[in-house]
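Keep the view open as you read.

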Amino acid sequence: MAGRVRLELAAGVEVEFADRDSALRQLAEIAERGTRLPMVVYGPEGCGKTALLMQARLVLEEHGYHVVYADPLAEEKEKMLMVSEPLRGILREVLTLLPEPLSKVVNVALDVAALALKRLRRPRIAILLDDVFQAMGLDRVERLAKSLLNLIEYPPGDYDRMVIVVASSEGRSRDILARHAWTSTRLMWNMSREGLKELYYALPGAKPGFEDVWRLTGGNPRMLAALYEHDWDAERVVEEELVAGKALARLVARLDDKELELLREALTDPDALFRRLRDPAAQRLEEKLVEYNLVARLEPRTPSLWLDQPPPERDEELGIGRWYAWQTPLHRTAVEKALRLIEPH
Ligand SMILES: Nc1ncnc2c1ncn2[C@@H]1O[C@H](COP(=O)(O)OP(=O)(O)OP(=O)(O)O)[C@@H](O)[C@H]1O
Ligand SMILES: [Mg+2]
């Protein structure tokens, strides 16, 4: 069993990668087999996709892979592109050939992998790409997916095994990829109650009871960290991070009457979106809620298509339905708040 990476959960709080036992088992299986298609992982913002990729680096290296990891949106430059020790020479070589390498992080990552495939004798190669669809724009999603598939199917050199995983919270790219059979999709949800509890106890200082924190975050570790950093003031997290952060008043102010009515319905039952999806107003609203990372699409429910545990089929309190879920209860509260803001007084 692989060790666990250390991660920064909140300002000044480091934790060990927590829970996600089934995801770790799945990663070990992926390492044994490789991926026949590039695997694209979707999940709510802050649910732990990047953390999982960090852990995947470790698992894959322990299985003898050379790993290339790219995150064009990383805040620190050193985290944009990371490669396993034996590939560092190749990375330096590729970087000297390019004028502005870090603006083209993904291309550099793919060049490093391609050159490694040419140079090394039947290597195990893993390419982990974080947030690339957001960074590159929707018009390049198909091209990237196809070039990843080409690398698996027509590699520039023989390999033993290859793993390609892309993590994304850009929900709309899923529609684009769904038109092709170039990738396989895996869905991811927030953390389990036990997982969140581990992180909750790792946070120092006085804090509200765990049940309250669970009901606010629904297991989302980023929301947990946000609560901690705002002195557990949920109101402030909703206002500052979500209503203001996502400009939700503007979003709801632009909805027409039908969309507004449906949005109110979706606050109590997110599956209302699905039931009414024949209606163009519902389609528009659904797309907006997905685009703004407020609501997540939960289909297909097939357990093997999920990384780690899927959410329950229904949890009204957390805003989870069969087809759709609010990304976290705080996201739902933020939309309620935005609706109140635009109501005439
Ligand atoms: N299993 C875990 N154990 C410990 N900490 C975790 C775990 N999963 C996530 N975290 C922490 O929770 C926070 C949010 O996770 P992360 O950044 O991985 O989310 P994300 O899904 O990549 O979000 P985004 O969609 O914005 O990219 C981070 O501080 C991360 O270190
Ligand atoms: Mg991330």
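Start with Arg33, which is exposed, with 59% relative accessible area. In this predicted model, Arg33 belongs to helix α1, which covers residues 21-33. If you look from there to Thr50, 17 residues apart from Arg33 along the chain, you will find 22 Å between the two C-alpha atoms.

Now turn to another arginine, Arg297. Is this residue buried or exposed? Its relative accessibility is 12%, and because the cut-off for buried is under 20%, Arg297 counts as buried. You will find Arg297 in strand β9, residues 295-297. Leaving aside neighbours within four places in sequence, the residues in contact with Arg297 include Gly171, Arg174, Leu187, Val290, Trp323 and Tyr324.

This brings us to the division of the chain. Domain 1 runs over 6-187, while domain 2 is made of 206-299 + 312-340. Taken over C-alpha atoms, the centres of domain 1 and domain 2 are separated by 29 Å. Their contact takes 15 residues from domain 1 and 16 residues from domain 2. Between them, the two domains bury about 1,300 Å², with 47% of that area on carbon and sulfur atoms. Which residues of domain 1 lose the most area to domain 2? They are Glu45, Gly46 and Arg172, and together they account for 36% of what the domain 1 side buries.

Next, look inside. The largest nonpolar core has 96 residues, and those with the most contacts within it are Val112, Leu129, Phe133, Leu224 and Leu263. Helix α4 (residues 105-119) gives this core its largest share, eleven residues. Domain 1 and domain 2 each supply at least three residues to the core. To see the surroundings of Val112, look for Val68, Val83, Leu87, Ile90, Leu91 and Val94, which are in contact with Val112 when neighbours within four places in sequence are left aside. Apart from this core lies another, of 27 residues, including Ala31, Ala126, Ala167 and Met188.

As a reminder, an α-helix has 3.6 residues a turn, so residues three or four places apart point the same way.

Our last stop is Ile152, in helix α6 (residues 141-153). Ile152 is buried, at a relative accessible area of 7%. Not counting residues up to four places away in sequence, Ile152 touches Thr35, Arg36, Leu37, Pro38, Tyr159, Met162 and Ile164. For a view across the model, find Leu199, 47 residues apart from Ile152 along the chain: the C-alpha atoms of Ile152 and Leu199 are separated by 37 Å.

Conventions:
Residues are numbered from 1 along each chain as its sequence is written. Chains are lettered from A and ligands numbered from 1 in the order in which they are written. This is a predicted model: local features need pLDDT of at least 70, side-chain atom pairs count only at pLDDT 80 or more; totals for chains, interfaces and linings use all residues. Side-chain values use heavy atoms; hydrogens and water are left out. A nonpolar core is a set of buried Ala, Val, Leu, Ile, Met, Phe, Trp, Tyr and Cys residues joined through side-chain atoms within 4.5 Å. Buried means under 20% relative accessible area, exposed over 50%, partly exposed in between (1.4 Å probe, protein chains only). Helices (H or I, at least four residues) and strands (E, at least two) are DSSP runs, numbered from the N terminus. Domain bounds come from an automatic or database domain assignment. Contact means heavy atoms within 4.5 Å. Buried area is the accessible area (1.4 Å probe) that two parts lose on being put together, summed over both.
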